[in-house]
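Subject: Structure handover

Hi there,

Here is the structure I promised to pass on to you. Have a look at it first, and then read on for my notes.

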Amino acid sequence: MSDWNTVEGEEALRIGKQAERAVVAGLAGRGYRIKHIAEDPQHYNDGYDVLVNNKRTEIKSNSGVDERGHAYSTCCVEKVTKIGRPIGWSQGKSDRVLFFNRSNSMLYVYEADRLHEWSRGRRTFLKHGADCLLMPWECAEAGYLCKVQL
């Protein structure tokens with residue numbers, strides 16, 4: 001069973017892919033060297049979505065706001081999918097993680113190894129069946145490097 005074999009899962013996948021394409025286009029338009037591999041079935045399990053300036057980079061998308069439009073002060077970070085598959089950054093498969101806040105088109109850049117270390121032993125919660133944790137959008141302890149307005 002895959003994570004997206006439900007109506008909710010298909011919608012989440014659609015939103016994530018749309019956000020991923022926006023991030024790729026935004027970075028390419030700013031002169032970053034981009035190789036988008038996530039669309040290639042051969043690379044599905046590589047644990048990252050794009051090469052950005054030769055760094056293996058995983059893109060994660062967040063709504064950034066609640067259902068009333070109020071901004072979240074924290075980012076929801078998925079660590080393990082609802083079927084128990086660890087996310088690529090938590091397995092050392094990526095160099096960078098980009099958290100995309102869809103509400104304001106802000107991209108937060110993290111060093112994957114530091115994010116992984118920071119997340120170890122932190123309390124998680126279930127969101128739509130996935131194992132998640134909360135993190136400030138700009139958390140230096142977790143490997144925050146910079147933000148990019150797209």
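This is a predicted model: local features need pLDDT of at least 70, side-chain atom pairs count only at pLDDT 80 or more; totals for chains, interfaces and linings use all residues.

S1 and strand S2 (residues 50-52) run antiparallel and are joined by three bridges; within S2, valine 52 is the bridge partner of isoleucine 34.

Threonine 57 is found in strand S3 (residues 55-62). With a relative accessible area of 2%, threonine 57 is buried. A polar atom of its side chain lies 2.8 Å from the backbone oxygen of lysine 55. Leaving aside neighbours within four places in sequence, threonine 57 is in contact with Tyr48, Asp49, Val50, Val52, Arg96 and Leu98.

Leucine 145, in strand S9, is partly exposed, with a relative accessible area of 40%. Not counting residues up to four places away in sequence, leucine 145 touches Arg96, Val109, Tyr110 and Glu111. The C-alpha atoms of leucine 145 and serine 105 are separated by 17 Å, and the two residues are 40 apart along the chain.

There is also an open sheet of three strands, with antiparallel pairing and the order S4-S8-S7. S4 and strand S7 (125-127) stand at its edges with a single partner strand each, so one side of each has no neighbour in the sheet. Here the twist averages 55° from one strand to the next. S7 and S8 run antiparallel and are joined by three bridges, and leucine 126 stands opposite aspartate 131 in S8.

What does H2 lie across? H2 lies across S4 and S8, running at about 105° to S8.

On to the nonpolar cores. The largest has 18 residues, of which Phe99, Tyr110, Leu115 and Met135 touch the most other members. Strand S4 (74-80), strand S5 (96-101), S6, helix H2 (112-119) and S8 each supply at least two residues of this core. A second, separate core has twelve residues, including Val23, Val50, Leu107 and Val148.

Finally, the aromatic rings. The structure holds three aromatic pairs. One of them is formed by tyrosine 108 and tryptophan 137; this pair is tilted, at 4.9 Å centre to centre with 35° between the planes. Tyrosine 108 lies in strand S6 (residues 106-111) and tryptophan 137 in the loop between strand S8 (130-136) and strand S9 (144-149), so the pair ties together parts that are 29 residues apart in sequence. Both tyrosine 108 and tryptophan 137 are buried. Ring pairs also link Phe99, Tyr110 and Tyr144 into a cluster. Two members of that cluster, Phe99 and Tyr110, have already come up among the residues that touch the most other members of the largest core.

Happy to talk any of this through.

Best wishes

Key: Residues are numbered from 1 along each chain as its sequence is written. Side-chain values use heavy atoms; hydrogens and water are left out. Rings of Phe, Tyr and Trp (its six-membered ring) pair if their centres lie within 6.5 Å; planes under 30 degrees apart count as stacked, over 60 as edge-to-face and the rest as tilted. Helices (H or I, at least four residues) and strands (E, at least two) are DSSP runs, numbered from the N terminus. Buried means under 20% relative accessible area, exposed over 50%, partly exposed in between (1.4 Å probe, protein chains only). A nonpolar core is a set of buried Ala, Val, Leu, Ile, Met, Phe, Trp, Tyr and Cys residues joined through side-chain atoms within 4.5 Å. A polar contact is a pair of N or O atoms within 3.5 Å; within protein, one must be able to donate a hydrogen and the other to accept it, and residues adjacent in sequence count only if both atoms are side-chain atoms. Contact means heavy atoms within 4.5 Å. Two strands pair if DSSP finds at least two bridges between them. Axes are lines fitted to C-alpha atoms, for helices over the stretch in contact, and angles run from 0 to 180 degrees between N-to-C directions.
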